Amino acid sequence: MGEKVVAGGFDLSDRQRYRRKLHECLEGLERLLAEKRFDRPKNMMGLEIELNLAGTDGMPRMVNAQVLERIASPDFQTELGMFNLEVNVLPHRLGGRVFDQLAEELSAGLGYAHRQAAGIDAGVVMIGILPTLSRADLVAGNLSAVDRYSLLNEQILMMRGEDFTLDIDGVERLIWTSGSIVPEAACTSVQLHLQVTPARFSAVWNAAQAVTAAQIAVGANSPFLFGRELWRESRPPLFTQATDTRPPELQAQGVRPRTWFGERWVDSAYELFAENVRYFPSLLPICDEEEPLRVLAEGGVPSLQELVLHNGTVYRWNRPVYGVADGVPHLRVENRVLPAGPTVTDVVANAAFYYGLVRTLADEPRPVWTRLPFAEAEANFDAACRYGIDARLRWPRRGRAGGLVSVPAVRLVLDELLPMAAAGLDAWGIEPADRDHYLGIIEERCRRRVNGATWQVDTYHRALAAGLERDEALAATTRRYSELMHKGDPVHTWPVGLTEEVSAAVPVVR
């Protein structure tokens, strides 16, 4: 959704022309694939992080335009809500000490942004859902002052034809009705990009789908919304419901939501783009002047702008991406599973785990997706969102016997997935010091059963036990989280509670 969109109404001819252009773009993509026009392997990765703005009291601050003006860097952009920012890291080649380099760049950039925000009584908080957000914060008046957001809100509401109902039943239950898509802004995530060749795309995408549950189990960081303790990673149900263009009748018919896990393993990138066009009506039918088939006929490379824009309004957890760099087209897998935070070190550890694991699984001679039914992968994702690091996952049994076994997520990560991730990082050419440091953080989270969600929940309940009211406890937890986040030590080392008290002994996984 980074495209520049000018607000304005659409008529029937706009939608008809846009549909025609979409199908031309699909044909153009098919031709580019058939002609093998895509970039050669470069082992390139990229990273985006969505951020919250909050004051020293822990409450959200609706000042992203002012903060961006002070930051004055193209690396930072608006996001949906006035309390959101996004930071984009330039692409890096996977290899050497790239993860230490990422950590250094992110720390410097976020530190600078935080100092600039402090000048107007705000600060950067990297967290999946800001615990202090209230219903009054998530209203249409707090949409960022950017045309594309107001236009997207208008079109989704028009397609749905009624208010959105949020209904998330977790540790507690939240039911709320919203007249806009702004609740989506509560969800701040990390997006991991990996450039792949067309021949490798399906293996990487399938591998990414298979490991979403493990990513969430070790990285959950969004247990609260509107003062309610919900799922350990509440972003997926919230995002799904806040972008749902389907009224109840279409939901009952089994029409697919725009935010979805998918329904099958794939054999090519083209299948996913084609599904997006086939299943989902356009939200922003804005046509580019480019005629993609003419550009191809003249030997050029089309930008496929209509397809790119449409693709940005279908919210797959692993999204196919088409791009053009230096006149050469390329494909990327965009992994959108992880919440922001808790610290830069934790974000980079999550990235190292993902890139290493996907590399090994994509290279396996007997791929995991040939042994794991897609429905089980989706059920694993749901279980990990609900229960976080305490989830149990279904995974292919090792050895000749085959079949699936139910296993604690931490056991699966420690016994099988971390060694795979290490082997994958070796295959990328990552220095052993980087590999061991960042995967060691994932290992310690599993051994201590600690991630951002468990720390938030444990600290919040300790605050309640100390006599704070619910809202006070959430604000105090947010302030303490922000303090520890900016210190930068990984979350598994954080003392539970609102002061520098010694943490209670944490259980070791057996």
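Modeller: Start with a term: buried means under 20% relative accessible area, exposed over 50%, and partly exposed in between (1.4 Å probe, protein chains only). This is a predicted model: local features need pLDDT of at least 70, side-chain atom pairs count only at pLDDT 80 or more, and totals for chains, interfaces and linings use all residues. Residues are numbered from 1 along each chain as its sequence is written, and side-chain values use heavy atoms, without hydrogens and water.

Biologist: How many helices and strands does the protein chain have?

Modeller: Helices (H or I, at least four residues) and strands (E, at least two) are DSSP runs, numbered from the N terminus. The protein chain has 17 helices and 15 strands.

Biologist: What radius of gyration does the protein chain have?

Modeller: The protein chain has 22 Å. A compact globule of 510 residues would be near 24 Å, so the value agrees. The radius is taken over C-alpha atoms, and the globule rule is 2.2 Å times the number of residues to the power 0.38. Along its principal axes, the C-alpha trace spans about 70 × 55 × 45 Å. Buried residues make up 58% of the 510.

Biologist: What share of contacts joins residues at least 24 apart?

Modeller: Contact means heavy atoms within 4.5 Å. Take the contacts between residues at least 6 apart in sequence: 75% of them join residues at least 24 apart.

Biologist: How many residues of helix 6 are buried?

Modeller: Eight of its eight residues, at 212-219. Among them are Thr212, Gln215 and Gly219. Helix 7 is also mostly covered, with seven of its eight residues buried. Its buried set includes Arg235, Phe239 and Gln241. The buried residues of helix 7 pack against strand 5 (164-169), strand 8 (224-225), strand 10 (259-260), strand 11 (315-316) and helix 13 (374-387).

Biologist: Where does Ser234 lie?

Modeller: Ser234 sits in the loop between strand 9 (228-229) and helix 7 (235-242). Ser234 is buried, at 1% relative accessible area. Its side chain reaches the backbone oxygen of Trp231 at 2.8 Å. Setting aside neighbours within four places in sequence, Ser234 contacts Ile129, Ser222 and Pro223.

Biologist: Is Glu416 buried or exposed?

Modeller: Buried, with a relative accessible area of 16%. Glu416 belongs to helix 14 (residues 409-428). Not counting residues up to four places away in sequence, Glu416 touches Trp395, Arg398 and Arg411.

Biologist: Which loop holds Pro285?

Modeller: The loop between helix 9 (269-279) and helix 10 (292-297). Pro285 is buried, at 3% relative accessible area. Pro285 and Leu151 are 134 residues apart along the chain, and their C-alpha atoms are separated by 11 Å.

Biologist: Now the backbone angles. Which residues does a cis peptide bond join?

Modeller: Gly341 and Pro342, with omega about -5°. Pro342 lies in the loop between strand 13 (328-335) and helix 12 (344-363).

Biologist: What is phi of Leu304?

Modeller: Near 55°, a positive value in a residue other than glycine. Leu304 is in the loop between helix 10 and helix 11 (305-311). At 0% relative accessibility, Leu304 counts as buried.

Biologist: Is Asp326 buried or exposed?

Modeller: Asp326 is exposed, at 82% relative accessibility. Asp326 is not a glycine, yet its phi is positive, about 55°. Its place is the loop between strand 12 (318-325) and strand 13.

Note on methods: Polar contact = N/O pair within 3.5 Å; in protein donor to acceptor, adjacent residues only side chain to side chain.
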